[in-house]
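Work through the exercises below with the sequence and the coordinates open. Each task is followed by a solution in steps.

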Amino acid sequence: MTKLVVLKFSKGSFEGGFPVTLQIGEENSRPETEVIGELPPERELPLNFNCWQAIYRHLDFSARPKGLPKLQKSISSEQECLQAAKNLRDRLNQWLQSETFRSIREKWLEKLQKSDQIRVILQTEDYQLQKLPWHLWELIERYPNAEIALGTPSYEKVSFIIKSTTQVKILALLGDSHGVDIATDRLLLEQLPDTKIRFLVEPSCEELTDNLWQQNWDILFFAGHSSSQSTGETGQIYINQTETLTISQLKYALKQAVERGLKLAIFNSCDGLGLAREFAPLQIPQLIVMREPVPDRVAQTFLKHFLQAYSGGESFYLAVRIARERLQGLDRQFPCASWLPVIYQNLAEIPPSWHELGIERGKGGLSREQRGRFSRSKLHLLWLICMSLITTSLVASVRYLGMLQKLELQAFDQLQRLRPDENPESRLFVVTITEEDVQSQSQQKPQGSLSDESLLKLLKKLAAYQPQAIGLDIYRDRPAKSDLPELQKHLYNNKHLIPVCRVSDPQSEHPGIKPPPEIPLERLGFSDLVLDPDNIVRRHLLALTPPPSSPCKASYAFSVQLALRYLAANNISLEFTSNGAWKLGKTTFKPLTAHTGGYQGIDASGHQILLNYRSHRSLKEFVPQVTLTEVLTGKVNLSTIKNRIVLIGTTAQSFQDYSPTPYITNEGGIEKIAGVILQAQMISQLLSAAIDGRSLLSTWYVWQEIIWIWGWSLTASLLAYYIQRLSYLSIIAGVAIASLYGISLVFLIHWSLWIPLIPSLISFIITIIIARYLINTFLNFPKNTQNFALNKNI
C-alpha cells in the first residue's frame with residue numbers, strides 16, 4: 001500500500017521561519033497522523049541557493065535556453081558548481097535538523113518503513129521554498145521508494161469525461177528546435193507500446209489550440225525551449241521560431257483538455273517551474289518540469305528512463321525517482337543533472353499507473369457488451385464462492401469426525417521440531433539414577449531403583465542446602481525399613497518433599513500405585529499421563545478426580561504440586577476464573593475440550609492443556625542434571641540448588657520409564673525421554689507461564705478455524721478463475737501452499753498458536769482442482785471475458 005505524506009508550509013518567510021504540518025496516511029484515505037512543527041529563520045539558505053543557481057547558469061552548456069541572458073564566455077567550472085551544490089545541500093539538511101522541526105522528523109521515522117512506497121508532497125505557495133532541491137533531504141534519500149513533489153494549497157478534483165479507447169493518447173508538441181535536438185525525444189515516444197501519438201512540429205498557436213479542444217489526450221508532451229520569469233509566476237514555451245505562448249494564453253484550451261481526461265503534462269524543456277505554477281490552477285493532475293536550464297542529453301536521458309520505468313509497470317512517482325537517479329551518471333559532464341526533474345501534483349488526484357491511463361471505458365465506465373460480460377463473470381465468481389463454502393463445509397465435517405486427527409498431529413509435531421531452541425531452565429535441578437547407580441546399590445538390595453539407605457543420604461544432603469521443593473519421581477508403595485526410623489521421620493516431616501503415586505484407570509484396567517504411607521495426602525501428586533492414540537505425550541494433565549477405589553487419592557499432578565510450592569514463595573497462588581479455568585499470575589490455563597485444534601472427539605476429562613516442550617539443543621539437555629553417585633560422593637557443588645526445585649528420578653533403561661515425544665532423534669526415530677525429564681518439562685511449562693509470561697500452546701475457536709479454512713478454499717477458487725495457464729496456476733498454487741506452511745510455523749513460533757494446516761491444505765487442493773475442472777467444462781466463457789475480468793482487478 002502506498003503511503004501519502006503531506007508537508008504543509010503555512011505562511012512564513014526565511015526571515016521569520018515557517019510553521020509546518022505533517023500528515024501521514026494511506027493512499028486515497030484520510031490522514032492517520034498529523035503533527036505540527038516549525039522551521040526556524042534561515043536567511044543564509046536562499047543565499048546559498050542563489051549562489052548555486054548563478055554558478056549553474058554560468059556553466060558552458062552546448063544549448064542555452066531562450067529567455068535567459070547569453071554569456072560571451074564561460075565563467076563557472078564544474079568544480080565550482082559541485083562545491084556550491086554541496087554547500088546548499090548541507091545547509092538545507094542542517095535546517096531540517098532543527099530542534100523545532102524534530103517532532104515532524106521523529107513522527108516520520110516512527111510511522112514510515114523503508115519498504116513503503118511513499119508519495120511526499122510539499123504543499124506551499126512560496127516560490128523560494130519550491131525552488132529548493134528537496135530530493136536531497138536525507139530522509140528522502142534514506143527511503144528508497146519515496147519521491148517528493150510540489151503542490152499548492154488550493155486544489156480540487158476534476159470530473160473527467162470518460163474516454164473510449166484502450167490506447168494511451170499523447171499529444172507531443174515539438175517546439176522551436178533551434179540549437180536543441182528534439183528528434184531523439186520523438187524517437188523515444190515512438191517506441192512506447194499501446195500508444196496513439198499526435199506530433200505537432202513547430203505548430204502555430206491555432207493548430208495547437210484546435211488539437212487541445214477537439215481531441216481527448218492522456219499526456220501532453222513538450223520538447224523545445226521554455227523559460228520562467230524570475231518571480232516564478234509565469235512561464236512561456238517557444239512553439240515555433242517566431243511564436244511564444246504562456247499557459248494563460250492557452251488557459252481555455254488546456255482547461256478543456258484537463259476536463260477531457262488529460263492526466264499528465266511533461267515539459268522536457270528548460271526552466272519550467274513557472275510553467276508548473278501557472279498550470280496548477282487548471283487542476284492538471286500531474287506535471288513534470290525541469291527546474292533549471294537542461295542540456296539535451298540530460299533531458300533525453302531522463303525521458304528515456306522515465307518512460308521505460310513508467311510503461312514497464314513502476315508507479316509514477318517511483319518511475320520519476322528511478323529516472324532522476326539515473327541522471328547521476330551524467331553529473332561529471334553536467335553537474336547537478338539529477339536535481340532538475342520535479343513533479344508538480346494536484347493533491348486531489350492519485351497518480352495513475354501506465355495501464356490505468358489506457359483503461360477502456362464507455363458510458364457509465366463500461367460498454368453494454370462489457371457490462372454484460374462483467375455481469376456474467378460476477379455470476380461465475382459467485383458460483384465459485386459458493387463452491388468454496390461447500391468444500392469448506394465438507395472438510396470441516398470430516399475433521400469434526402476425527403478423520404484428519406492423525407495427519408494434523410503429525411503436521412503439528414513437524415512444526416514443533418522447527419521451532420528455535422530456548423534458554424535452559426534454571427529453576428530446576430535433576431538428580432538422575434542411572435544403571436551404574438542401581439548397580440552400586442546392589443548390596444543394599446533396593447526394591448526399585450533407589451534403596452532406602454541411599455534415599456536417606458540423598459534427602460539429608462539436599463535438605464542442608466534448602467531447596468524450594470523436592471520431587472521424588474519414584475514409586476514407593478511400601479513403608480520405609482523398620483531399621484531406618486530416621487528415613488520415616490524425613491518422609492513424614494519434610495514439608496518440601498512431594499512423592500508420586502498413580503491413579504487407577506478403569507479404561508486401561510490399571511489398578512493404580514499406592515503412595516508412600518508416611519506422606520499425607522496434601523503432599524502427594526499423581527504421575528498419570530495422557531497419551532494420544534500413537535502413544536505420544538502432547539498433553540499435560542493438571543488435575544483429575546480419582547475414582548473412589550483408587551489407591552492414589554491425589555487430585556493434582558506431581559508437576560502441579562511442585563510448581564505451586566515454588567510459585568507460593570514468589571507470592572503467586574492458584575486462582576480460578578468465572579468459567580473454572582486456572583490462573584497462575586497473569587496466565588490463564590484454558591482447558592482442552594473434546595474438539596480443540598487438531599483434536600476431535602478426545603476424552604478431555606480432568607484439566608488438560610497442550611504441553612509446550614522446551615528444547616535446548618535437545619529435550620533432555622534443557623535442565624541441569626547430576627547422577628545419584630555424584631551427589632552422594634560429594635562430587636557436585638549443591639550450593640546452587642538453594643530455592644530451586646530438585647527432582648529425583650530414574651533414567652535407567654531397565655526400568656523402562658520412558659515416554660515418546662513429538663520430537664525425533666538424529667537417526668529419524670521418535671525421541672523418548674525419561675519420566676523425570678518429562679516431569680521437568682511439565683514443571684518448566686507452569687513456571688515459565690506464571691513467572692516469565694511464556695505463551696502456552698493454544699488454538700482458535702472453532703468458528704475462527706472454519707473461516708481460516710474457507711479463506712484458503714476461496715483463494716484457491718479465485719486463483720483457478722483468474723489464472724488460465726495451467727503451468728502458471730501450478731507454480732502459484734505451490735507458492736500458496738508453501739506460504740500456508742510458513743504462516744502456520746510463524747504463528748506457532750511467535751504466538752504459540754496451533755492453526756489448521758492440514759484442513760486448509762486439503763480444502764485448498766480440492767477447491768483448486770474442482771474449480772479448474774468446472775471452469776473448463778461448464779463455465780467455459782470466452783477468453784476475452786476472462787481477460788477483461790482479470791484486467792479490471794490488476
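**Exercise 1. Overall dimensions**

Compare the radius of gyration of the chain with the value for a compact globule of 794 residues.

Solution. The model is a predicted one.
Step 1. For a compact globule of 794 residues, the radius of gyration would be near 28 Å.
Step 2. The chain itself has 39 Å.
Step 3. The C-alpha trace spans about 125 × 70 × 50 Å along its principal axes.

**Exercise 2. Content and burial**

How many helices and strands does the chain have, and what percentage of its residues is buried?

Solution. 
Step 1. Counting secondary structure gives 24 helices and 31 strands.
Step 2. Of the 794 residues in the chain, 55% are buried.
Step 3. Take the contacts between residues at least 6 apart in sequence: 76% of these join residues at least 24 apart.

**Exercise 3. Cysteines**

Find which cysteines form a disulfide, and state what parts of the chain the pair ties together.

Solution. 
Step 1. The cut-off for a disulfide is a pair of cysteine sulfur atoms within 2.5 Å.
Step 2. The partners are Cys501 and Cys552, with their sulfur atoms 1.9 Å apart.
Step 3. Buried means under 20% relative accessible area. Cys501 is buried, at 0%, and Cys552 is buried, also at 0%.
Step 4. Turn to Cys270: the closest cysteine sulfur, in Cys81, is 15 Å from the sulfur of Cys270, which is too far for a bond. Cys270 is buried, with a relative accessible area of 5%.
Step 5. Cys205, by contrast, is partly exposed, with a relative accessible area of 22%.

**Exercise 4. A helix pair**

Describe how helix α14 and helix α22 cross, and list the residues that make the contact.

Solution. 
Step 1. Two packed helices are described by the angle between their axes and the distance between the axes.
Step 2. The axes of α14 (residues 405-417) and α22 (residues 726-751) come within 10 Å, and they cross at roughly 65°.
Step 3. The crossing of α14 past α22 is right-handed.
Step 4. From α14, the contact uses Phe412, Gln414, Leu415 and Gln416; from α22, Tyr741, Ser744, Leu745 and Leu748.
Step 5. Sorted by type, the contact residues of α14 and α22 are 5 nonpolar and 3 polar, with no charged ones.

Notes. Residues are numbered from 1 along each chain as its sequence is written. This is a predicted model: local features need pLDDT of at least 70, side-chain atom pairs count only at pLDDT 80 or more; totals for chains, interfaces and linings use all residues. Side-chain values use heavy atoms; hydrogens and water are left out. Axes are lines fitted to C-alpha atoms, for helices over the stretch in contact, and angles run from 0 to 180 degrees between N-to-C directions. Helices (H or I, at least four residues) and strands (E, at least two) are DSSP runs, numbered from the N terminus. A crossing is left-handed if the near helix is turned anticlockwise from the far one by less than a right angle, and right-handed if clockwise. Contact means heavy atoms within 4.5 Å. Ala, Val, Leu, Ile, Met, Phe, Trp, Tyr, Cys and Pro count as nonpolar, Asp, Glu, Lys and Arg as charged, and the others, Gly among them, as polar. Buried means under 20% relative accessible area, exposed over 50%, partly exposed in between (1.4 Å probe, protein chains only). The radius of gyration is taken over C-alpha atoms; the globule rule is 2.2 Å times the number of residues to the power 0.38.
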